[in-house]
Every structure is written in structure tokens, then in C-alpha cells.
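Dear colleague,

I am passing on the structure below, and would be glad if you could read it alongside the notes that follow.

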There are 2 protein chains.
Amino acid sequence: MARRADHSREELGRLIIDTAEDLIATDGIDTFSARSLSRAIGYAPGTLYHHFADLDDIVTQVNTRTLAGLALAFADAAPSDDPARMLHNYADAFLGYIAVKRHLWNALFEFRRKPGQVVPTWYIAAIASLIRIVGECFMRLRPDMPEAAAREAGQLLFASIHSVVSLENSGRLGLVMNRDIAAVVHQLVDMHVLAARHG
Amino acid sequence: MARRADHSREELGRLIIDTAEDLIATDGIDTFSARSLSRAIGYAPGTLYHHFADLDDIVTQVNTRTLAGLALAFADAAPSDDPARMLHNYADAFLGYIAVKRHLWNALFEFRRKPGQVVPTWYIAAIASLIRIVGECFMRLRPDMPEAAAREAGQLLFASIHSVVSLENSGRLGLVMNRDIAAVVHQLVDMHVLAARHG
DNA sequence: TCCCCTTCTGAACGGCGTTCAGGTAGCGAA
DNA sequence: TTCGCTACCTGAACGCCGTTCAGAAGGGGA
């Protein structure tokens, strides 16, 4: 076979990412492969490489959507005038999002880039904008605090929560503790709020 | 070829683990494979499977040593009567250990077990004993605190630090913040101490 | 109608973890 | 010393993986 009329170039590109997202969301990143993806879209494996540089490229596109989705979840978080309360609301938004998109969230951080591969800058920017939202809560919490310190507090809380959730998602939190992940996350929020108030 | 006189059964078993540890420590877990290991010891790939169930088994043996080494590093940590100070000393011991054994430490948590594989109980026990040491600092910090709460505080600190260090080791802490890992770890210790004091 | 260019195929390459039939070296017995 | 026997080791093979690329063929413009 050769050129097909099934899909336009753009359609096929979108189909590839859509299907990749589906496969990862359903079965996780471990069983995801170029062959399984090409089988799912009904094209030969080689076709993928006419539309994307490599599998890494495809997973990165999927990850972009996952990040964008989390930004939406943050935007939809229950509003509150109390910055501490707001941090808990963001935590809930985060927990809710990864509960639904567990495998996609794992793909974001577990997928191994081949060494030397650089992370796209907009990728970092997307994460940074999430962290900025968290940092703003600390600024409201302690208006006297230098902006840089508030930003760092946001980063630290984000990193702490993300890390613990990663541990949980990969089934390894049980190696360290036997507790509900939501309780742990909210305890971390309380702790970081307390530290900001007394810092 | 067939049975060789090069090594006794025990020697060969030890040679396999020794060499595996060497390879992982030097090049990391990503390039580690049954074929690279068998090449390094000068035996055929199949030989590995006469001594260990599978690669997972071999990596688990290496991980055991890594955990035991960390326990030794903890035992060698600078002593202090001040439990908060002591937590910082443990943090330094931890940071020092993983600085030297970065790849081995990564192997501990990044190696993917095939699904359904259970973690050996002594493996969990080794981690638990490390956490107990941390928990004891919290008991000294707040003798009035229920023992369970102190234990949980130890778990939470351990999980937080471990997680952030994992992020750093996999080169992804930079996605979240641009700070020295040691500074972050000590800040986390301070924060958990503060929370324990005010909790 | 014809031809060219774009697109797609699928075999092939070198890797992976793992299995297992076959062969041989070492050892105990005669 | 010689002869099995057995424990051990080999290496080809299986079915995966990501990726490449020569070749085939459909779509669109002339």
C-alpha cells in the first residue's frame, strides 16, 4: 500500500496523539510501544516516524495535554479567600486530577528520555505556571515575605507533594508508610503553611 | 563448553552480584542488561538464570547491599544530643551516601518490577528500620507526642526527602526548582522539626 | 492521460529478557 | 586408571522492543 485517503496529514497526526493518550490512560506507559500504537491506529509502525521524530516526541505531546489538563483543574479549584484553605483546595484538585488520570500523570514523570535529550522549554514553562499559582497563596499568606521566598515555598510544597504522589503512584509509598495519600498530602500542606507562618 | 572449574557455585553467585553492582554503580541501571552482565563476567547469558530467577532477582540482591550500606552510613552519622541537630546529621549522611552511590540509589527505586511481583518483606523491613531511627529523633524532640505520631512524622520526613532526592537524581528537580538539593533537604528537615514542635 | 511527489509499507537491524535442548567437564565409584 | 553420571554451561531461538529505509503505490497537477 502507499498513500491513503483515510486521513489528511493533520488528521493522522491528531489520531496518533489521541490514540497514544488513550492507550497510556488505559494501560499505562509500560505496555505502550510503537508497535502497539501503530496497531491501534491501523497503520504500519514506520508511519509514526513520518509524523513524529520518535516515540519520545509522541509521549511529550501527550504529556503536554496532561499538563494543560492539570492547569484547567487548578483553575476549576474551589475558590477561597483564605490562602491556606486555597492551598488545600489546590491539593484536592491535584488529587482529583491524578486519581482520574493516574497513568497519564505517571507518564509525565516516569517516561525515560534517552540521555542528552533536552526537555522542551514550554514544558518547563507549563510546570512553572502551576507553581506560580501555588506561590501566590504563600504571598497572600505572608504579604511581608520577600517574593522570592514565597516562590521558593511554592516550589518546595509542589515538589514535596508531587514526589510523595509519585511514590504512591508507582506503588512504593507502601515501602515507607501505610497511610492514605490524601491524608499525607493535606498534612504536608498544613506543615508548609505552618512553616510559612512561623518562618 | 560445559561445567567449568573457574568458580565454585558460591563464587560465581557472588561474582554475578559483585559485577552487577559494579556495572550499575558505574553506568547506571539503564544500560544494565543480562547480556552486558554476562559479557562482563565472561559467561553466557543463560548462566545467570541457573543462579538467579531473573534479572529482577539480581537487581534486588544489589539493592539489598545498597540499603545495608545506607544503614551503615546512618550508624556513622555524627552523634548529637539535640534531636533536631541529629536529623540534620542523618540528612547529611543520606546526602553523602547517595552522592557517592547515585546510580545504585536510583536502581533501588527506579528499577521496574514486572507487575504482580511482590517486594520481599526483608526489603521493607530494612527500610522500616531506617525510618525508625528517624522516628526516634521525633520522640526525643517531643516526648509527650504519641509514639504513633512520632513514627508518622519520621515516615513523612523520610518520604519527603527521599522523594525530592529521587526527583533530583532523575534530573527532574530542575523542572520544579533551581536550587541545591542539600539546601532543599535541610530546609525540609527544619520544616518538619518546626511542625513537630508546634503540632 | 501521464507522471511525479508524497505517503505508507514491512522487512530488516541490533538490541532486550528469558528458555531449553544439547554437550561436556568434573567427580565418585569400580 | 577408566568409566559413567550428573551438574553445569552454552548459545541458538522466541517474541518483544525502537528505529530505518528501499520500494511500492495512490493523489493531484499538467
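What percentage of the 199 residues of chain A count as buried? The share is 35%, where a residue is buried if 20 or more other C-beta atoms lie within 10 Å of its own, exposed if 12 or fewer, and partly exposed in between, with C-beta atoms placed from the backbone.

Before going further, please keep in mind that this is a predicted model, in which local features need pLDDT of at least 70 and side-chain atom pairs count only at pLDDT 80 or more, while totals for chains, interfaces and linings use all residues. Residues are numbered from 1 along each chain as its sequence is written, and chains are lettered from A and ligands numbered from 1 in the order in which they are written.

Chain A holds 9 helices and 0 strands, these being DSSP runs numbered from the N terminus (H or I of at least four residues for helices, E of at least two for strands). The C-alpha trace of chain A spans about 70 × 35 × 35 Å along its principal axes. Among contacts in chain A between residues at least 6 apart in sequence, 63% join residues at least 24 apart, a contact being a pair of residues whose C-beta atoms, placed from the backbone, lie within 7 Å.

The domain assignment, which is automatic or from a database, divides chain A into domain 1 (1-52) and domain 2 (60-198). The C-alpha centres of these two domains of chain A lie 31 Å apart, and 7 residues of domain 1 are in contact with 10 residues of domain 2. On the domain 1 side of chain A, the residues touching domain 2 comprise 5 nonpolar, 1 polar and 1 charged; here Ala, Val, Leu, Ile, Met, Phe, Trp, Tyr, Cys and Pro count as nonpolar, Asp, Glu, Lys and Arg as charged, and the others, Gly among them, as polar.

Turning to the contact between the chains, 27 residues come from chain A and 26 residues from chain B. On the chain A side, helix H7 (121-141), helix H8 (147-169) and helix H9 (181-198) each supply at least two residues, and the largest share, 10 residues, comes from H8(A). By class, that side of chain A has 18 nonpolar, 8 polar and 1 charged residues.

In chain B, helix H7 (121-141) has 21 residues and reaches 30 Å from its first C-alpha to its last, close to the 30 Å expected at 1.5 Å a residue, the expected span being 1.5 Å times one less than the number of residues. The buried residues of H7(B) include B:Ile127, B:Val134 and B:Phe138, and among what covers the buried residues of H7(B) are helix H5 (83-100) and helix H8 (147-169) of chain B.

With best wishes

Conventions. Two residues are in contact if their C-beta atoms, placed from the backbone, lie within 7 Å.
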